[in-house]
Amino acid sequence: MNLLFEEDGAFKTGTILTDNDASLQVETPHGKRLKLKSNHVLMRFAQPSAGELLQRAEAEAEGLDTEFLWEVCGGDEFAFIDFAREYFGHEPSPVESASVLLRLHAAPIYFHRKGRGRFRKAPAEILQAALAGLEKKKQQAAAIERMRDELLAGTLPEELRPLLRQLLYKPDRNRLETKALEAAGAESGKSAARLFLDCGALASTHELHFDRFLFEYFPTGTGFPPVEPPAEPADLPLAAVRAFSIDDAATTEIDDAFSITPTDAGWRVGIHIAAPGIGFGRESALDTIARERLSTVYMPGNKITMLPEDIVARFTLGEGRDCPALSLYLEVSRDLIVTGHSSRIERVPVVANLRHHDIEPVFNETTLTEGGPDFPWKAELTLLWELATVLEAGRGKPSANQNQVDFNFSVDWAQTTADGPGRVEIGRRSRGSPLDKLVAELMIAANSTWGKALAEAGIPALYRAQTGGKVRMTTAAAPHEGLGVDCYAWSSSPLRRYVDLVNQWQLIAWLKGEAPPFPPKSADLIAAMRDFELTYAAYAEFQRGMERYWCLRWLRQAGHPQMSARVLRESLVRLEAIPLIFKLPSMPTLPPGTRVQLAIDSTDLVDIEVRATYLETLAEATGDAIEEIDEADLPPDALDAAGTPDAAAADTASAPPAAA
C-alpha cells in the first residue's frame with residue numbers, strides 16, 4: 001500500500017512498510033525510510049506507484065481551472081477528497097484526488113487552508129482584493145523589468161529622473177525605482193552612479209560628488225531667502241587712516257585690512273575687521289541664515305557663502321569705500337614694541353585691495369634680504385613684516401611651517417574636457433612667506449587681544465584652546481599652546497565663519513557698554529559652538545575630497561604622465577607637483593622623505609582612486625625633505641586610526657584656504 005502525506009509544507013509519497021495505527025514506517029521512492037504519524041497521511045492508494053502519483057497528478061492539475069473550481073465550490077470547509085468526488089461526479093482515482101489537492105494548494109488566494117488536506121473557499125470580496133493586489137504586483141514587476149532594461153540600454157527611465165539624488169545618496173529600497181536600479185546594477189556589475197553616468201543622467205563625475213554634499217548639507221538648495229537689507233548706524237565715525245587688505249586673487253569676502261599712522265612715539269597700526277555685526281544682530285533673519293550655514297564652504301572653482309552675496313558685498317572691505325569695521329589699534333614704538341592698544345567701531349576708508357600674485361614677486365624673502373624694486377605699499381608692508389617678526393618672537397612660536405607648500409586650484413569653467421566642464425590648473429605657493437607671516441601675526445594679535453578683553457570683562461565668547469596637543473573649542477578663555485598665547489578667540493573672519501560673527505557681537509556689546517547678546521552660561525552659545533565644530537569639520541572634509549577629485553582631473557588632463565613623489569611612510573606617497581596622497585603597494589620599503597619616480601596607471605573619478613606603479617628611486621631621504629603629515633589631508637584608506645590633528649596654521653589663517 002502507498003500513501004500521500006505532507007511534510008514541511010510539501011506533498012510527498014511513499015510505500016508503507018509497517019502500519020502501527022498511530023504511526024507508520026514508510027519508504028520514499030528515493031529509498032529513504034522515515035517514521036510518519038498517521039494523522040499526516042492525506043490519502044492511501046495502491047495504484048499507481050508512489051513514484052508516479054505526483055508526477056501524473058501535476059500533469060492533470062494543469063488542466064483544472066482554478067476560477068471554475070472556486071465557483072463550483074461550496075462555502076463550507078471541505079476535504080480535498082470530498083471536493084474531488086463532487087467535481088468529477090464519481091469516486092475519484094488517486095491521481096484525480098491528488099490533482100485537485102495540488103490545484104487547491106497552489107491557489108491560496110482562492111482557497112484558504114484550514115488543516116491538512118482541508119480548505120475553505122475565499123469570500124468574494126477578499127478574493128477580489130487579493131486578485132487586485134496580485135495584478136498590482138505583476139504590473140510592478142513588469143515596471144521594474146522595463147526600467148531595468150532601459151538602464152542597461154543606456155537610457156534613463158522617466159520615473160527615475162525626479163528621484164536621482166535620492167536614488168544615489170539615500171535610496172528607499174521599498175520603491176520600484178530603487179529595485180529597478182539594483183536589478184540593473186546586479187546584472188551589469190555597475191554602481192548606481194556609473195549607470196546614471198552611462199545614461200547621461202549626470203553631466204559629469206563632478207556633479208555626482210558636489211550633489212552628494214548638497215543633498216546632505218543643503219537639501220533645499222544653496223539659494224538664500226529674501227531678507228530686509230541691514231541698517232547700518234548713521235553716526236559711525238570715519239577713521240583717519242588709509243587701509244589696505246592682502247588676499248588671494250579669488251577672495252571676495254575680505255574680512256581684514258591694515259593701516260599705519262605715524263605718531264610721535266612711533267606708529268599706530270590698525271587691524272580693521274569687517275563688521276557685519278553692526279548691520280544686523282542676533283535673532284535677525286540674517287542671523288538665522290548664518291546660524292544654519294555656520295561657515296562658507298570652499299572648494300576648487302566654487303564656494304557657497306555663509307551670507308548672501310549682496311550682504312557680503314555690502315560689508316566686505318572693498319577698495320574705494322568707507323566700510324563699517326571693528327578696529328584694533330596697536331601703539332607701536334620705534335623699536336617695534338607694542339606699548340598699548342585700543343578698540344573702536346568706525347568706518348574705515350579702504351584704499352587698496354592688494355593681491356598675493358601682484359605683491360609676492362616684489363615682496364618676498366629675497367627682496368627683503370637683498371632689496372628689490374620700489375612699489376606702492378612697500379614701506380607699509382615692510383614695517384608690518386618687521387612688526388610681525390617681533391610679535392612672532394614674543395610668542396616663541398613660528399606662525400607657519402616654512403618647509404611646506406600650499407597649492408592653489410584654479411578651475412576654468414569655460415573649458416570642457418573629456419571628463420566634463422572645467423579645466424583645472426594647480427599652482428604651488430610656499431607656506432610661511434613674508435605676506436603669510438604678516439597677516440598671521442596681526443590676526444593672532446587681534447584674536448588674542450580681543451579674547452582677553454572679553455574674558456576680563458566677564459563676557460563669554462567662543463575660544464580656540466590647545467593643551468596637551470589637542471585643539472578644542474570652549475566658551476572659557478584658555479591657553480593655546482600651539483600659538484603661545486593666553487587665549488585665542490576667532491574674531492577676524494565674521495563674513496565667513498559664524499563663530500567670528502558671534503564673537504563680534506560680543507565685542508560690539510562690550511565696546512558700547514551694553515548687555516551681550518549671549519549672556520554668561522548661555523545654552524545657545526554652547527549649542528552654536530558644538531554645531532559649528534561638527535559642520536566646519538564636515539565642510540573641511542568635503543573641501544579635501546574635492547581637491548583630491550581635481551587632482552585626479554589634473555592627472556587625466558596631463559595624460560597620466562610619470563610623476564615624482566616623496567615617501568611619507570610605508571607605502572604612502574605624496575606627488576610633488578600636486579597635493580595628492582595615495583598608497584603605492586608596488587614600492588619597496590623606503591625611509592620617509594625618499595624621492596621616487598612612478599607611473600600613473602589609472603584614475604577613477606567615481607571612487608576618486610588612483611593606481612600607480614613604482615619605477616625607481618630618485619634620491620635618498622634627507623632631513624630637510626621629511627615633512628610632517630597632516631592626517632586631515634590623507635585619503636580615507638590611508639588612515640590607520642581616526643583623527644585629524646588641527647594645525648596651528650588653520651587657527652591663524654585670516655583668508656580662505658588657497659584652494660578656494
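**Entry 1: aromatic pairs**

I started by reminding myself that I'm working on a predicted model. I then looked up the ring pairs, and the structure holds 22 of them. I opened Tyr 169 and Phe 215 and got ring centres 5.6 Å apart with planes at 50°.

Where do Tyr 169 and Phe 215 lie? I found Tyr 169 in helix 6 (residues 164–169) and Phe 215 in helix 9 (residues 205–217). The pair therefore ties together parts that are 46 residues apart in sequence.

Tyr 169 comes out at 16% relative accessibility, and since buried means under 20%, I put Tyr 169 down as buried. Phe 215, at 25%, goes down as partly exposed.

**Entry 2: a second pair**

I traced Phe 280 to the loop between helix 10 (276–279) and helix 11 (285–293). Trp 505 turned up in helix 17 (residues 498–512), and the pair links distant parts of the chain, 225 residues apart. Buried or exposed, I wondered about Phe 280 and Trp 505? Both are buried.

**Entry 3: a ring cluster**

I followed the ring pairs from Phe 68 and ended up with a cluster that also takes in Phe 78, Phe 83, Tyr 87, Phe 88 and Phe 119.

**Entry 4: charges over rings**

I went looking for arginines over ring faces and noted two cases. The charged end of Arg 344 sits over the ring of Tyr 329, 4.6 Å from the ring centre. Arg 497 lies over the face of Trp 490, with 3.8 Å to the ring centre.

**Entry 5: Thr 316 and the cysteines**

I located Thr 316 in the loop between helix 12 (309–315) and strand 14 (321–333). Its relative accessible area is 8%, so I count Thr 316 as buried. What does Thr 316 touch, leaving out residues up to four places away in sequence? I listed Thr 252, Glu 253, Ile 254, Arg 321, Cys 323 and Leu 495.

Cys 323 on that list sent me to the sulfurs. I looked for disulfides and the structure holds zero. Cys 323 has a relative accessible area of 0% and is buried. I got 0% for Cys 551 as well, so Cys 551 is also down as buried.

Terms used:
Residues are numbered from 1 along each chain as its sequence is written. This is a predicted model: local features need pLDDT of at least 70, side-chain atom pairs count only at pLDDT 80 or more; totals for chains, interfaces and linings use all residues. Side-chain values use heavy atoms; hydrogens and water are left out. Rings of Phe, Tyr and Trp (its six-membered ring) pair if their centres lie within 6.5 Å; planes under 30 degrees apart count as stacked, over 60 as edge-to-face and the rest as tilted. Helices (H or I, at least four residues) and strands (E, at least two) are DSSP runs, numbered from the N terminus. Buried means under 20% relative accessible area, exposed over 50%, partly exposed in between (1.4 Å probe, protein chains only). A charge sits over a ring if NZ of Lys or CZ of Arg is within 6 Å of the ring centre and within 35 degrees of the ring normal. Contact means heavy atoms within 4.5 Å. A disulfide is a pair of cysteine sulfur atoms within 2.5 Å.
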